[in-house]
Amino acid sequence: MTLEQRVIQYINQNQKVYQNISHQIHAHPELGNEEFFASRTLSKQLEKEGFQVERDIHGHETGFIATYDSGEPGANIAFLAEYDALPEIGHACGHNIIGTSSVLAGIALKQVIDETGGVIRVFGCPAEEGGVNGSAKATYAKNGVFDSSDVALMIHPGHESYRTVPTLAVDVFEVEFFGKSAHASENAHNGINALDAMISFFNGISQLRQHIKKTDKVHGIILEGGASANIVPEYTKARFYTRSISRKDLNILTGKVDRVAQGASITAGATYKLTHIQNGVNEFIRNDLLDDLFERHAKMHDEVILHDDFGFGSTDTGNVSHIIPTIHPHIKIGPSTLVGHTYEFEQAAKSPHGDHGLFQGAKIMSTMALELLKDSAQLEEIKALHKILKEQVYG
């Protein structure tokens, strides 16, 4: 039996185990940095299969790093596991599939790595969906967690199977205005209206949108707008996202939004504060050689890979791609009309189609990784291309 056959055999023989893990995580949806059940379930399975597990990674209590070192020279392969859910609609992005598939791929590869040499690391990455202290991969990247790995692999469920597509850099922050309370009828002249500042800010953003690049995005909501109609609001708060095609462009855009907030505060006589509530997310540096390898292995496992413009989203996996060659392709788990972050996607993530995508993803990633372990020259070509792409980004 070949090494590839042994990897696939492990996946085929243990489908019930990993289907159960995925379905358990789906039945216990947890928001970012609160994924205690999912983190514990996945990391314990890795420990059971002989991995050494570190937990509570750089301020992310539900993060983990699972390592298996063959003790022999070879590539260091990273698998990225996500497992947070969305508010109200649970696993409507299919992270129960992502986390389980990446864990399964790492464990399947372990069945043969003692013969090839190398290291396997499975990174448990909380809060991909963001939120307070969200986007753990960005924290990991800043702290050098991925520096010793050669490549990073993960596959996202979707409405079709396709290669890594462009993503946008994103900042998430809150803007607060601080005024002075007063009775709106008796002594309004003594007040400083924080809601006036907020409305001026929103109007300023609407004007700003006329003068930004087509690829730039600014969108936000008011979280707190005052307590009572007969009290001059002394405090208001909004949450905003800014997005752009690169971190360099995004820093400029977020700076413009900051200046609009400053101007609004001056107009109203208030003060303001802009606070980033989660890690900044970078655009994806796509590596065609690594995606070529993905596509070839996907076809080996009978996946139909589409080439189309699937639009722009954002993911903190982009931050990993700024450190090492990384892929973030998609695997089909439902009809072509399926849309992420919906009830229909949440149902698909626990369906037979979702289970099939889980196992297909694990097979593709594990056989990809095995080829890289066996073919160091190909790995070096991928790394060399990544170096060129980074130089183009950073100059």
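Start by selecting helix H2 (residues 15-27) and helix H3 (residues 36-48): H2 passes H3 in a left-handed crossing, meaning that the near helix is turned anticlockwise from the far one by less than a right angle. Helices here are DSSP runs of H or I with at least four residues, strands are E runs of at least two, and both are numbered from the N terminus. This is a predicted model, where local features need pLDDT of at least 70, side-chain atom pairs count only at pLDDT 80 or more, and totals for chains, interfaces and linings use all residues. Residues are numbered from 1 along each chain as its sequence is written, and side-chain values use heavy atoms, with hydrogens and water left out.

Contact (heavy atoms within 4.5 Å) is made by Val 17, Tyr 18, Ile 21, Gln 24 and Ile 25 of H2 with Phe 37, Ala 38, Thr 41, Leu 42 and Gln 45 of H3.

Now move to Asn 33, in the loop between H2 and H3. Its phi is near 65°, a positive value in a residue other than glycine. Is Asn 33 buried or exposed? At 18% relative accessibility, Asn 33 counts as buried (under 20% relative accessible area; exposed is over 50%, partly exposed in between, with a 1.4 Å probe and protein chains only).

Select Asn 133 next, in the loop between strand E4 (119-125) and helix H5 (136-142). Asn 133 is not a glycine, yet has a positive phi of about 55°. With a relative accessible area of 33%, Asn 133 is partly exposed.

Finish at His 328, in the loop between helix H9 (317-321) and strand E13 (330-332). His 328 is buried at 9% relative accessible area.

Terms used:
Axes fitted to C-alpha atoms, helices over the stretch in contact; angles between N-to-C directions.
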